[in-house]
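Colleague: Please take a close look at one part of this model for me. Pick a single element and walk me through it.

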Amino acid sequence: CLAISLWLLICMNQILVYQVVVLFIISAISAVFAGMNGFWSSAVGGVCYLVPSSIAVLLLKLSKCNPLYHGKAFIAGEVLKVVLSLVMMLAVFMVWHQSLIFFPFLFGLLGVSHLVFLVSLRVKHYGR
């Protein structure tokens with residue numbers, strides 16, 4: 001159980017780095033197609049998922065010393081990630097609704113959030 005917890009923690013740290021890199025790439029592409037508003041829209045969209053993911057990783061790091069709470073911290077981190085993402089998106093839409101461009105925002109959010117699936121679900125021999 002401890003080995004699985006450590007492996008999960010290492011993967012989560014790597015995924016956060018990948019998420020930042022992908023967010024920068026998506027924001028740069030959005031800047032080319034939609035200007036600076038597109039850049040900031042995609043950056044804010046990605047941050048709406050990146051910050052809650054970082055908090056979830058922090059909860060896992062804090063609970064790694066006590067394996068009894070590690071599973072509960074994982075579930076709490078996932079719930080917190082969803083709730084904080086929604087709250088941050090609502091706050092962004094309330095503050096920047098006039099200058100926000102929706103599609104770059106969505107691409108930034110989806111790029112960061114779905115990168116976890118692309119990294120963790122690498123299938124080399126699909127169908128075997």
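Modeller: Helix α2 covers residues 67-96, 30 residues in total. At 1.5 Å a residue it should span 44 Å, and its end C-alpha atoms lie 42 Å apart, which agrees. The expected span is 1.5 Å times one less than the number of residues. Helices here are DSSP runs (H or I, at least four residues), numbered from the N terminus.

This is a predicted model: local features need pLDDT of at least 70, side-chain atom pairs count only at pLDDT 80 or more, and totals for chains, interfaces and linings use all residues. Residues are numbered from 1 along each chain as its sequence is written, and side-chain values use heavy atoms, leaving out hydrogens and water.

Now the buried positions. In α2 these are His-70, Ala-73, Gly-77, Lys-81, Ser-85, Met-89 and Val-92. Buried means under 20% relative accessible area, exposed over 50%, and partly exposed in between (1.4 Å probe, protein chains only). An α-helix has 3.6 residues a turn, so residues three or four places apart point the same way.

The term requires a side-chain nitrogen of Lys or Arg within 4 Å of a carboxyl oxygen of Asp or Glu. Glu-78 is partly exposed, with a relative accessible area of 29%. Lys-81 and Glu-78 are three residues apart in α2, which means about one helical turn separates them. A search of the whole structure finds one salt bridge.

Definitions and conventions:
Helices (H or I, at least four residues) and strands (E, at least two) are DSSP runs, numbered from the N terminus.
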